[in-house]
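Work through the exercises below with the structure open. Try each task before reading its solution.

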Amino acid sequence: MTWLAALLLLVPCCAWAAPVQVVSVNLCADQLLVHLAPERVAALSPLARDPTISEVADIAAAMPWVRADAEAILALHPDLVLGGRYGAQPTIALLRQRGVPVDLLDMPSDFAGIRTQVREVAELLNARAAGEAWLAQMDERLAARRPWPVRAVMWEPRGWTSGPGSLGDSVMRQAGLRPMTEGHMLGLEALLADPPDVLIVARAPDYPSLATDLLRHPATQAIRRVSLPPAWLICATPESARAVARLRR
Amino acid sequence: MKLLWVLLLALALGSLLVGGAGLGLPRADILWQIRLPRTALAILIGGGLAVSGASLQGALRNPLADPGLLGIGGCAALGAVLAYYWGWSAAFAPALPVASLLAALAAAVALLLVAGRGGVLSLILAGVALSALSAAFIALALALAPNPYALAEITFWLLGSIADRSLAHLALAAPPILIGVAVLLTLGRGLDALSLGEDAAASLGQPVQRTVRLAALGCALAVGGGAAVAGGIGFVGLLVPHLLRPWFGERPSGLLAPSFPLGAALLLGADMLVRGLPLLLPLNGELPVGVVTAMLGAPALVVLARRVGR
């Protein structure tokens with residue numbers, strides 16, 4: 001009888017046991033994992049260590065990493081693999097064949113989507129408290145300062161712009177700005193012909209390219225500009241709210 | 001000759017009226033900071049390429065000689081790619097033209113060594129090999145560059161483009177191109193003598209080696225300066241001297257000076273077309289101007305090759 005009671009006590013414990021060895025093969029999953037359950041990281045993607053695109057680069061630098069390579073990942077014996085919806089599909093298929101639990105993350109494009117995703121992943125990692133604390137920090141940032149109701153263009157390398165349904169557009173609207181573009185390519189002359197009140201660009205990486213040099217063309221110097229770290233906008237996480245706070249007044 | 005300069009002036013004025021902001025006279029900042037440097041670069045680069053082509057055709061006694069076909073433009077672009085993507089030019093801006101004209105000079109010297117030994121065919125083959133090699137190394141350098149956008153920019157460097165350049169680029173490219181063109185324009189008589197053959201030229205008292213070396217140096221400066229900010233634009237140097245021969249004769253000395261305005265007008269016209277096309281067609285941005293010069297130049301090359309073969 002005693003052993004049966006002990007077994008019954010164990011059931012809820014084990015059914016609810018959180019995965020302890022989690023591997024991420026996606027930059028955005030890396031950031032969720034590091035924020036929600038850093039102690040359970042078995043490996044991150046190598047991109048997580050790049051400070052120009054990863055907002056957790058300093059923490060990730062001290063953590064193990066693995067490429068999206070099925071053999072290397074299996075050798076880590078993960079009990080959960082986090083990936084992106086669209087990346088590393090052959091690897092993911094192989095891992096699933098070998099019976100490894102895999103969760104694929106979508107890319108939210110607004111703060112409601114971010115909230116839902118953080119709660120889902122926090123649930124999966126059994127880290128609800130960490131998730132709620134992170135979301136509370138996000139809400140604080142989203143409410144910081146006052147909206148800035150001017151016309152804005154978020155200009156990306158090669159002249160692409162943020163349009164409806166993109167995280168950049170959501171960030172601008174959340175900051176109270178009025179986006180002028182619909183996601184089309186905006187050339188240098190077209191930008192200057194109808195200049196926005198504020199030009200939002202990602203801070204350029206250390207090494208030059210024509211795509212990013214365009215954003216610093218001398219003819220654009222007359223337009224008021226706000227530079228944002230690209231890591232805040234590449235992945236939609238509660239940290240994206242920092243971009244909103246930076247754009248408010 | 002006067003007509004060519006009038007044509008160029010008309011195109012230059014027209015060029016200030018075409019751009020992404022629409023047709024017509026733009027606001028002052030667009031005019032001065034975008035369309036003016038772009039127009040000036042097209043003139044200098046096109047003129048430099050054409051004068052280089054005319055000099056090379058004279059010095060090598062080969063009607064197919066062209067800085068693009070012979071790989072000088074490609075090597076210059078490779079030098080620029082190395083200086084630009086690896087951050088040297090960010091630390092010290094003139095590193096960009098210096099790297100590209102050193103690479104162009106190395107290519108020109110290599111070609112002269114080949115030309116000294118073999119005939120017409122071996123020179124062209126060496127040029128083709130140099131072009132292919134430089135394109136391959138450009139691809140490799142871009143793939144290794146620590147910037148994720150670099151590899152997508154291979155069309156800019158291989159085909160050549162003067163989109164979105166600024167006054168700073170003009171300041172970097174203009175001195176080497178102008179010096180190179182000035183050097184080449186002094187070589188008319190030497191090149192005329194060379195067209196009789198090296199021995200005949202030497203017997204006329206012409207300093208053959210000096211002429212050939214100065215031609216290589218002038219081409220490296222004119223082509224390298226352009227490739228530093230616009231990549232390897234092809235076919236201008238091939239096409240222009242041939243367009244001029246019916247009017248100005250076969251002698252290199254007669255072709256050098258008119259090559260500048262016609263080359264400038266050709267590249268400027270091609271660039272205006274490239275700027276105007278997105279206003280007509282649903283393009284994702286601009287085509288590199290090298291696409292247009294290749295579309296004009298490649299058929300001309302076929303015609304020429306047939307004529308040479310006969």
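**Exercise 1. Count the salt bridges between chain B and chain A, and name the partners.**

Solution. Start with the rule: a salt bridge is a side-chain nitrogen of Lys or Arg within 4 Å of a carboxyl oxygen of Asp or Glu. The count between chain B and chain A is 1. Glu189(A) pairs with Arg35(B), and their closest N and O atoms are 2.7 Å apart.

A note on the model before going on. It is predicted: local features need pLDDT of at least 70, side-chain atom pairs count only at pLDDT 80 or more, and totals for chains, interfaces and linings use all residues. Residues are numbered from 1 along each chain as its sequence is written, chains are lettered from A and ligands numbered from 1 in the order in which they are written, and side-chain values use heavy atoms, leaving out hydrogens and water.

**Exercise 2. Describe the rest of the interface between chain B and chain A.**

Solution. Step one is contacts, meaning heavy atoms within 4.5 Å. By that rule, 24 residues of chain B touch 21 residues of chain A.

Step two is area. The size of an interface is often given as the accessible area lost when the parts come together. Here the buried area (lost accessible area, 1.4 Å probe, summed over both parts) is about 2000 Å². Carbon and sulfur atoms give 62% of it.

Step three is polar contacts: pairs of N or O atoms within 3.5 Å; within protein, one must be able to donate a hydrogen and the other to accept it, and residues adjacent in sequence count only if both atoms are side-chain atoms. There are 11 residue pairs in polar contact between chain B and chain A, both residues at pLDDT 80 or more.

Step four is the elements. Helices (H or I, at least four residues) and strands (E, at least two) are DSSP runs, numbered from the N terminus. On the side of chain B that touches chain A, α2 (28-59), α3 and α7 each supply at least two residues. The largest share, 5 residues, comes from α2(B).

**Exercise 3. Which type of aromatic pair do Tyr85(B) and Trp157(B) form, and which helices hold them?**

Solution. Rings of Phe, Tyr and Trp (its six-membered ring) pair if their centres lie within 6.5 Å; planes under 30 degrees apart count as stacked, over 60 as edge-to-face and the rest as tilted. Tyr85(B) and Trp157(B) have centres 6.2 Å apart and planes at 75°, an edge-to-face pair. Tyr85(B) lies in helix α3 (residues 72-85) and Trp157(B) in helix α7 (residues 154-159), so the pair ties together parts 72 residues apart in sequence. Both residues are buried; buried means under 20% relative accessible area, exposed over 50%, partly exposed in between (1.4 Å probe, protein chains only). Ring pairs also link Tyr84(B), Tyr85(B), Phe156(B) and Trp157(B) into a cluster.

**Exercise 4. Is Ser162(A) buried or exposed, and what does its side chain contact?**

Solution. First, find the place: Ser162(A) sits in the loop between β5 (151-155) and α8 (167-174) of chain A. Then look for polar partners. The side chain of Ser162(A) makes a polar contact with that of Glu156(A), at 2.9 Å. Finally, list neighbours. Not counting residues up to four places away in sequence, Ser162(A) touches several residues, including Met154(A), Asp169(A), Met172(A) and Thr181(A).

Notes
Buried area is the accessible area (1.4 Å probe) that two parts lose on being put together, summed over both.
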